[in-house]
Amino acid sequence: MYDPKLIRNICIIAHIDHGKTTLIDRILECTKSVDQRQMKDQFLDMMDIERERGITIKAQPVKIYYKAKDGNVYEINIIDTPGHVDFSYEVGRSMAACEGAILLVDASQGVEAQTVAHTYLAIENDLEIIPVINKIDLPNANIEETSLQIIDLLGVDEEEILKVSAKEGVGIENLLEAIVDRVPPPEIKDENRLAALIFDARYDKYRGVVVSVRVFSGTVKRGDKIITMSNGSAYEVDEVGYFTPFMKPGEVLSAGEVGYIIAGIKEVSQARVGDTITLQSDPIDEPLPGYKDIKPMVYAGMYPGLPDYYQELRKALEKLKLNDSALTFEPDNSPALGFGFRVGFLGLLHMDVVRERIEREFGLAVILTAPNVMYKVKLKNGETVEITNPAKFPEEDKIEEIYEPFVDLSIITPGEYMGNMINLVQVEKRGILYTTENAGKDRVILKFEAPLAEIIFDFFDRMKALSRGYASMDYEFLEYRKSDLVKVTILVNKEPVDALAFIVHKSKAYTMARKVVEKLKDLIPRHQFQIPIQAKAGGRIIARSDIKALRKDVLAKCYGGDVTRKMKLLEKQKEGKKKLREIGNVRIPQEAFLALLKVGEEEE
Amino acid sequence: MGGYLYPFMNEVYVYIHIPFCEKKCIYCDFLSIAGKSIEKEYFQSLTRDIESSDILKSSVVKTVYFGGGTPSYVDERYIEKTLNTVAKTSKAFNPEEITIELNPESTDKNKISFYRSIGVNRASLGVQAMDDVVLNISGRIHDAAQAQRAASLLRKSFDNLNLDFIVGLPKSSMKTVKENLKLIEKVNPDHVSVYMLEVHKETPLFSLLKRGKIRLPSDDEMAEMFDFMMEGLKGLGFERYEISNFAKEGKRSLHNLSYWLSKDYIGFGASAGGHVGNYRYVKTLNIKEYIENPFALSYENHNTDCEEFKETLFMGLRLIEGLSIKDLEKRFSNLLEGFLMYISGDELFSIEDGRVKLSTIGLDFSSIAFEKIVGWNCE
């Protein structure tokens, strides 16, 4: 057991692309923690998709040893945290495992909304925050303004802000010294019973679930019988150890330490982030605070690209779920798309990542329908139903009231785009501005209450476009509120297409309906006959467009040497059409099912 | 020898591919290369290829067709030599039709009289569009005036002349097709081919379109242009006998009919295809490989009855009059009924006067009709 006084547990708060992963790479290099041969750039982001997108989804800890100027060798645990709004809860739990945080800000970008939100989270968790300005080597680095923003945010003195270039390796030594000096060692309570906080869980093909924990009190070792307190499930510990960042078995994990536990846990949903592990024989009275059962925020239909691949898609989702406790899915059957699943995600990025992993890791093409939030519908008979699929929305005459989720939305923007941002949220997105704060010399934080549904559709891109890329955002679930919503059904050639139905605020029903039918007109190929596309709400047709009949589709040429080539070409053409879904006698391409998301693309 | 019948001899139709052009057109997906630095080597291999053909040695040649590429681009003596080789190698040589394809820029009086002197009796000129802007953007190296001059010259020497057009090239419009019809009216050819533009993946046109560097007329405009051409040709006394081919009476292309009627034809030269009995082959698609080994193939197959039947339908239904059910019955007695069931009720096909053919709608949507044939499982 390492002397707790020499342990420092820290995390890093940073916006995407502000250089967090590069900084960790450099620290690993500087402390010679990773063998050069094993060193890959961006070491901690283990998943391919994470590496490609430059984002971190799973919190991945690493332990290093640093010989400080005072002569002591310190154990520093760095917990890498997710950097996207979809994963805020995980960020909070990672922070709960630390005593300090590095606030890393790109000198050319300044403080962004998400960073602010995470900084507040760190303050809530009583973390010692070390502000660091990164990328000081960039020609467009604005160190002065970035410093001002940080001073505004944290109320620190200019001298407390460190300046580094992770890329060039400048200032790393100073940073390590600051960690040792400023971050307090873990507080060891007078408590011998085990309390370990789960801040991450990862599924390993061979070992089962590997749980990342921070031990707050007591010890855990091989052979211990442990329970996860939220659900009381019991397991026997097979192995404990540390991340170097590779897993390295150890004897025991003690109070103050960060490490892993392997205990025959089958899937990550059984070891939920934020849950507390204790000993079955001598459990602690109260779990560590902060555990939440996280629920999906958005839902979308997911169908196999080719109808025969339903079972394969199910297997892929099951495998992903082993490692993704936020993912939910249940079988769904759409008349238009056949058998598939209604899948719940934390947000759009999460949705994108899941789709990409299914396509890449399992080689399956999937059709995703436009995502929506979960609505709560109070029926006239007094019952309340939760609706995750617009197609299953109750009949209008049975509905008493409809509720939709609202979020607390913050946008940080340079002052000159403030008007644009307020307009966007208030005029286009049904939000209400409730406060503005200054953030640095020329930046403001705008806070709104807004319907989540408006934020998941066509919001991020609009915000970026209207602020020339400068504004950034963050949001947090607030509550369900009563809302005047209506279901819009889309009919293609007079046939309702369930997978195209959507829920929209009554004030926007006409505009949305018109945009969607126009978009579908572009996305559905012309057929031999004219195809009306209609939008229906409240029993009436509220918008219509027509796809004109195609006049010709000719195979112009075929001579002696071409026979097999042309026949193959047509076979391919036919294969391609298999990916289209037939509704009535109309073939609908997969992109059409995302028409709702594509609405508004041209407006920018 | 002329005028004899060869009742016990196999009849074959001979295609010869000349894969050289002065410049490649942006839409072209036929095998050809720009320049003719290797024409000598190519024709040597071609001679070897022809001389070694056992089928040719035992057959009577019905037609010969020099296609390309641009046959008029190469030294005409190679054409003569090749034709002589075919004549010498075949069991009997008395073709009714010998066609050569020409492009306007390489058509001149000397060449024409040379071709006539060696027995070529049908000329096929690639006009494509009577519109300089269209020709230029398509990568053609002649203008409309040159096309007109070449067509008139050919008309004087050939009593069987075809003009080729493509409808829907970039920048083309109704004005273009009207000019096309004017030329046809003036030159009065015996045969006209009008192809709706097909965009093939391997062509510069495809990538230009994909990158948004070039635009095509809309589907509706293309359809309108084609229909206008079709009506105009009808008014000038041409009969549409195949999806894209129009002829004056008695002037249908005998050679091309051999493809559509799935007769026995043999192809020489890189990328040339042949069909003899149930055997189908395509020569190598690589000109260099062909020069090294003129017997290299890119495809060969002994068709099953099902495959043969599908190919027969695939080609035969391109003819406006379709195929005789009686004839099909003779060759594919156990498959025919299944096919007629398969298409029954489909508005793209029609069965009339003992023939199966594409309906009027089917002719407009031939791509879909053929897709249906290709997708039929008769094994």
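**Close-up 1. The interface of chain B and chain A in the predicted model.** Put together, chain B and chain A bury about 3,400 Å² between them, and carbon and sulfur atoms account for 57% of that. On the chain B side, Asp220(B), Phe365(B) and Glu371(B) bring in 18% of the area that chain B buries against chain A, more than any other three residues. Counted by contacts, 41 residues of chain B meet 29 residues of chain A.

**Close-up 2. Salt bridges and polar contacts between chain B and chain A.** The rule picks out 8 salt bridges across this interface, along with 22 residue pairs in polar contact, both partners at pLDDT 80 or more. Zoom in on Lys577(A) and Glu371(B): their side chains pair up in a salt bridge, 2.9 Å from N to O. As for where the chain B side comes from, at least two residues each are supplied by β8 (191–196), α9 (219–235), α10 (254–260), β13 (279–283), α12 (305–316), α15 (360–364) and α16 (366–374) of chain B. Sorted by type, the residues on that side split into 20 nonpolar, 8 polar and 13 charged.

**Close-up 3. The disulfide of Cys306(B) and Cys378(B).** Over all chains, the structure holds 1 disulfide. Here it is: the sulfur atoms of Cys306(B) and Cys378(B) sit 1.9 Å apart. The link is right-handed, with 85 degrees about the S-S bond. Cys306(B) belongs to helix α12 of chain B and Cys378(B) to the segment after α16, so the pair ties together parts that are 72 residues apart in sequence. Both ends are tucked away: Cys306(B) counts as buried because its relative accessibility is 5%, and Cys378(B) is buried too, at 12%.

**Close-up 4. Cysteines Cys25(B) and Cys28(B).** Cys25(B) is in no disulfide; its nearest cysteine sulfur belongs to Cys28(B), 6.3 Å away. From the sulfur of Cys28(B), the closest cysteine sulfur is that of Cys21(B), but at 6.2 Å this is too far for a bond. Cys25(B) is buried, with 11% relative accessibility, and Cys28(B) is buried at 18%.

**Close-up 5. Gly340(A) in strand β19 of chain A.** The strand spans residues 338–345, and Gly340(A) counts as buried because its relative accessibility is 0%. Beyond the neighbours within four places in sequence, Gly340(A) is in contact with Met302(A), Tyr303(A), Pro304(A), Tyr310(A), Glu330(A), Pro331(A) and Asp332(A). Leu570(A) is 230 residues away along the chain, and its C-alpha atom is separated from that of Gly340(A) by 29 Å.

Methods
Residues are numbered from 1 along each chain as its sequence is written. Chains are lettered from A and ligands numbered from 1 in the order in which they are written. This is a predicted model: local features need pLDDT of at least 70, side-chain atom pairs count only at pLDDT 80 or more; totals for chains, interfaces and linings use all residues. Side-chain values use heavy atoms; hydrogens and water are left out. Contact means heavy atoms within 4.5 Å. Buried area is the accessible area (1.4 Å probe) that two parts lose on being put together, summed over both. A salt bridge is a side-chain nitrogen of Lys or Arg within 4 Å of a carboxyl oxygen of Asp or Glu. A polar contact is a pair of N or O atoms within 3.5 Å; within protein, one must be able to donate a hydrogen and the other to accept it, and residues adjacent in sequence count only if both atoms are side-chain atoms. Helices (H or I, at least four residues) and strands (E, at least two) are DSSP runs, numbered from the N terminus. Ala, Val, Leu, Ile, Met, Phe, Trp, Tyr, Cys and Pro count as nonpolar, Asp, Glu, Lys and Arg as charged, and the others, Gly among them, as polar. Buried means under 20% relative accessible area, exposed over 50%, partly exposed in between (1.4 Å probe, protein chains only). A disulfide is a pair of cysteine sulfur atoms within 2.5 Å.
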